[in-house]
Amino acid sequence: MRLTKYAHSCLRVEHDGGVLVVDPGVFSDPAALDGADAVLITHQHPDHLDLAAVRLELDRRPFPIHGPASLADTLGDAAEALRPVTTGESFTAAGIAIRAYGGKHAVIHPDIPVIDNLGYLINDVVYHPGDALVVPDETPVDTLFAPIHAPWSKFSEVLDFIRAVAPRRAYALHDGLLNDNGLGVLNRQYTAMSGTEYQRLEPGSRVDV
């Protein structure tokens with residue numbers, strides 16, 4: 001598989017002629033959606049779902065959107081493209097095997113309602129957890145995209161998550177709110193302490209897995 005890491009939490013996966021896009025949010029480049037055969041959405045927050053960009057691409061080239069059933073309200077008139085996914089479900093998107101994990105977004109604050117969130121294991125190789133730190137215990141993960149910074153997390157929690165998943169390598173995810181100073185500090189810490197090969201990819205970087 002070829003992965004392109006776009007800004008924040010967006011991944012583009014190309015495999016056997018299929019194009020799968022995960023979490024094309026408002027911080028990422030809408031070009032990530034070009035030619036998409038299917039889209040995975042972890043949850044409804046705009047940094048993971050750029051509704052305007054998704055609607056525009058649907059008008060050009062219809063494709064299924066896989067995600068929590070609760071996305072229907074957010075998608076509005078684009079909800080006909082939604083293929084609801086439940087925790088533990090295995091399915092195929094853009095010809096690529098997917099398994100869903102979790103079910104709920106991490107708690108931001110007790111005063112803020114907890115919404116649905118699914119993590120996705122892609123082709124039994126790449127794990128994108130969305131906005132939760134759910135470990136897919138029964139399945140080894142080769143490549144983890146770890147949300148390194150968020151209003152709902154702290155360094156120790158994310159570090160322990162990476163260690164618990166124990167991937168062969170980990171790439172930074174959910175980093176769109178960090179400036180260069182914050183990225184420098186966190187990259188040094190995760191590199192030194194995660195127990196795996198850790199790297200932050202610049203937006204637009206491509207890797208083969």
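Helices (H or I, at least four residues) and strands (E, at least two) are DSSP runs, numbered from the N terminus. The model is predicted: local features need pLDDT of at least 70, side-chain atom pairs count only at pLDDT 80 or more, and totals for chains, interfaces and linings use all residues. Residues are numbered from 1 along each chain as its sequence is written, and side-chain values use heavy atoms, with hydrogens and water left out.

Next, select H3 itself, residues 155-165, in which Val158, Leu159, Phe161, Ile162 and Val165 are buried (under 20% relative accessible area, with a 1.4 Å probe and protein chains only). These residues lie on the same side of H3, because they cover an arc of only 155° around the axis (taken from the directions from the helix axis to the C-beta atoms). They pack against strands E10 (126-128), E11 (143-147) and E12, and against helix H4 (180-193).

Move on to threonine 196, in the loop between H4 and strand E13 (197-199). Threonine 196 counts as buried because its relative accessibility is 15%. Not counting residues up to four places away in sequence, Threonine 196 touches Ile162, Pro167, Arg168, Arg169 and Ala170 (heavy atoms within 4.5 Å). A polar atom of its side chain lies 3.4 Å from the backbone nitrogen of arginine 169.

Finally, select Leu20, Leu40, Ile98, Tyr120, Ile122 and Phe145, which touch the most other members of the largest nonpolar core, a group of 24 residues. Such a core is a set of buried Ala, Val, Leu, Ile, Met, Phe, Trp, Tyr and Cys residues joined through side-chain atoms within 4.5 Å. Apart from it lies another core, of 20 residues, including Val19, Ala32, Ala36 and Ala78.

Conventions: Buried < 20%, exposed > 50% of the residue type's maximum accessible area, 1.4 Å probe, protein only. Polar contact = N/O pair within 3.5 Å; in protein donor to acceptor, adjacent residues only side chain to side chain.
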